[in-house]
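Thanks for coming. I have one structure to go through today, so please have the sequence and the model up.

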Amino acid sequence: SDGRPNTVPLFEFTATPRTRLVAYPELELRVFLTSLQKNEAKFPILAGPVELLLQNGFVGWTKVLFVAPGEEFKLSFGPDSTLRLARTERDRTQDATSTDWKTNTKTVWLYLSSLGDEAKTVEVIERMPVSELEQVKVTLGTKRTTPKPKVDENGFATWEVKLEPRAQTQI
């Protein structure tokens with residue numbers, strides 16, 4: 001009657017989430033807390049806003065799409081305030097003297113720091129170019145890349161970095 005939207009609880013369920021800290025340095029220089037959980041209810045979750053809560057209370061809002069019963073869905077709880085991330089890159093082009101071929105080398109350095117009092121594991125995902133042309137070759141410089149990442153068929157290189165309290169590391 002007052003013209004304002006009202007919230008009506010329809011059902012509730014409890015799910016055990018799998019949480020992880022994940023970073024996409026090319027897109028955002030922050031490390032995000034994400035969760036993956038299953039819709040354990042007998043009913044679907046309709047698309048719309050979701051209120052996010054952690055142990056200390058309200059964290060923020062996000063949106064979910066339609067989630068069928070038994071389907072897994074992800075939520076992001078925002079950046080971790082105790083982790084810092086920096087990224088620098090350098091491009092170098094080399095022309096071949098006897099052919100018209102060029103070699104482009106892109107070097108990326110990732111720096112991760114922990115300011116907190118507990119050890120954390122961060123999944124760092126960096127995108128590599130993928131060639132669809134036979135004449136263009138894209139390779140990872142395995143001799144210069146430390147530690148070694150897992151690279152999938154879509155060109156995403158993934159590192160699992162374990163950070164001790166107040167520690168720093170470089171990829």
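Leaving out residues up to four places away in sequence, Asp80 touches Leu21, Val31 and Lys120, where contact means heavy atoms within 4.5 Å. This is a predicted model, in which local features need pLDDT of at least 70 and side-chain atom pairs count only at pLDDT 80 or more, while totals for chains, interfaces and linings use all residues. Residues are numbered from 1 along each chain as its sequence is written, and side-chain values use heavy atoms, with hydrogens and water left out.

Where does Asp80 sit? Asp80 is in the loop between strand S5 (72-79) and strand S6 (83-95). Strands here are DSSP runs of E of at least two residues, and helices are runs of H or I of at least four, both numbered from the N terminus. Asp80 counts as buried because its relative accessible area is 16%; the cut-offs are under 20% for buried, over 50% for exposed and partly exposed in between, with a 1.4 Å probe and protein chains only.

Next, strand S8, residues 120-127. Six of its eight residues are buried. S8 is joined to strand S1 (residues 18-23) by three bridges, and the two run parallel; two strands pair if DSSP finds at least two bridges between them. Val22 has Glu123 in S8 as its bridge partner.

Now the open sheet. Three strands make it up, in the order S6-S7-S11, with antiparallel pairing. S6 and strand S11 (168-170) are at the edges with a single partner strand each, so one side of each has no neighbour in the sheet. From one strand to the next, the twist averages 10 degrees, taken between axes that are lines fitted to C-alpha atoms, with angles running from 0 to 180 degrees between N-to-C directions. S6 and strand S7 (residues 102-114) pair over 13 bridges. One example is Arg92, whose bridge partner in S7 is Thr105.

Last, the segment before S1, which holds Phe11. Is Phe11 buried or partly exposed? Phe11 counts as partly exposed, because its relative accessibility is 33%.
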